[in-house]
Amino acid sequence: MEKNNEVNVAQWVDQRLAILTPRNAWQPDGADGLQRFREQSAAKSSWKQAWTWPAATLVAAALILFFLAAPPPRVLAQRCVDCSVALWQSFSAMPPAQPDLQPESARKLAPDFALTDVSGNPIKLSDSKGKVILLNFWATWCGGCQTEIPWFIEFQNKYKDAGLNVIGVSLDDDGWKSVTPYVKEKNVNYCIVIGTRAVAKQYAVEAMPATWLIDRQGKIAATHVGMVTKSAYEAEIETLLGRNATKP
Amino acid sequence: MSQNHSLDCYYNVNASSEAVIEATSQAAPLDIESLFRIQFVRIARIVARVVRDPARAEELAVEAFVKLWRNPQVDTARAEAWLYRTAVRLGLDDLRRQVRRARYEALIGSVRGAPTPEEIHSANEEQDRVRKILSILDPRQAELLLLRSHDLSYTEVAAALDLNPASLGTLLARAQQSFRKEYIKRYGKK
């Protein structure tokens, strides 16, 4: 019985895969293919020949110069320390990032949505009314998102009691399959939901990372498409939480 | 006349595994151009099962040969198996890229240009479904199904995927089960 079932499955799959067989009329153009193969291999080989020796000579010359002309290691180390200190001082002297929030009168209501978290619990944006919300659209393959996620984890820890709620909406194609291991690995401590086409459209997500800061009245106070510095986020969050004297 | 003759050397080749091994094993080092003449049509047809556009399939088949040329560690006896594996992987990678791009374009509602005549000609709902399932499956299982369904023998498939021929039947049955399960999950039993 089980054997019959296996045979049936094999036949069923074979029938479907047979659909992919290219039309008999189609013949790959071998002559053209061979020509392209010759061109590509010739291009790569001439590139290799053209660059191998000059590159090797350049690296060797740089190494020789470095060892001949560089100061002794202790002086080099001292210089590195001096440079680091100078850099740190120049950064710490910079004025703190200014919040870039919309004036309260110009803010629009954030579109509500209802999605589910990893446990299947419904998550509505409106449930967080009265809190400041950081709404981040992200994906596991998005480089910028991976830089920002540790900041959001830190914000959730630091400002949770003050009334911040971070929500991450993943737009990964395969949903929880990619997201669950990623979230576990990064120890994400805020709410993660899987986004839908409708929600992405509501917020007009065109690129990632995309982040919205929503005030306590549920209105959009700031929109950031692409990466923003950590200090800029922090300044805006603190202003929205009422911790900062600066008001938009 | 001369052109027809040059094309005949691609179309009338008996590309059975034995013939290729015999033809290529005598040449040392690996004579890629001979291998190309013998194998190109078969490799391009394998890729064309995964990639919708035949021109793209030819490009990827050429790419597989260029990769072989750049990899001098592949010996003559294993070159054919290496080519099958590389071609199927290139095809599947391209398919996944297409599926991801289509999904993302649909998600953000961007306007895509009008379909090309080739796309219109080859648009086939059932083919698209099968390709979609292949793009979702575990890559090893997708490779196994594709090579086996292209009339490659168990020995050839096992050599191409570095598998033990004795366990191929079990792995194939598992891959078929996964394919069917995923297909029914998405499109129902019809």
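In this model, 33 residues of chain A are in contact with 36 residues of chain B. Contact here means that the C-beta atoms of two residues, placed from the backbone, lie within 7 Å. On the side of chain A that touches chain B, helix H1 (2-18), helix H2 (30-69) and helix H6 (197-202) each supply at least two residues. Helices (H or I, at least four residues) and strands (E, at least two) are DSSP runs, numbered from the N terminus. That side of chain A has 17 nonpolar, six polar and ten charged residues. Ala, Val, Leu, Ile, Met, Phe, Trp, Tyr, Cys and Pro count as nonpolar, Asp, Glu, Lys and Arg as charged, and the others, Gly among them, as polar.

A word on the source. The model is predicted, so local features need pLDDT of at least 70 and side-chain atom pairs count only at pLDDT 80 or more, while totals for chains, interfaces and linings use all residues. Residues are numbered from 1 along each chain as its sequence is written, and chains are lettered from A and ligands numbered from 1 in the order in which they are written.

Next, chain B. Chain B has ten helices and zero strands.

Last, one residue of chain A. Tyr190(A) sits in the loop between helix H5 (176-186) and strand E5 (191-194). Why is Tyr190(A) classed as partly exposed? Because 19 other C-beta atoms lie within 10 Å of Tyr190(A). Leaving out residues up to four places away in sequence, Tyr190(A) touches Phe152(A), Gln156(A), Val166(A), Ile167(A) and Gly168(A).

How values were computed. Buried ≥ 20, exposed ≤ 12 C-beta atoms within 10 Å, placed from the backbone.
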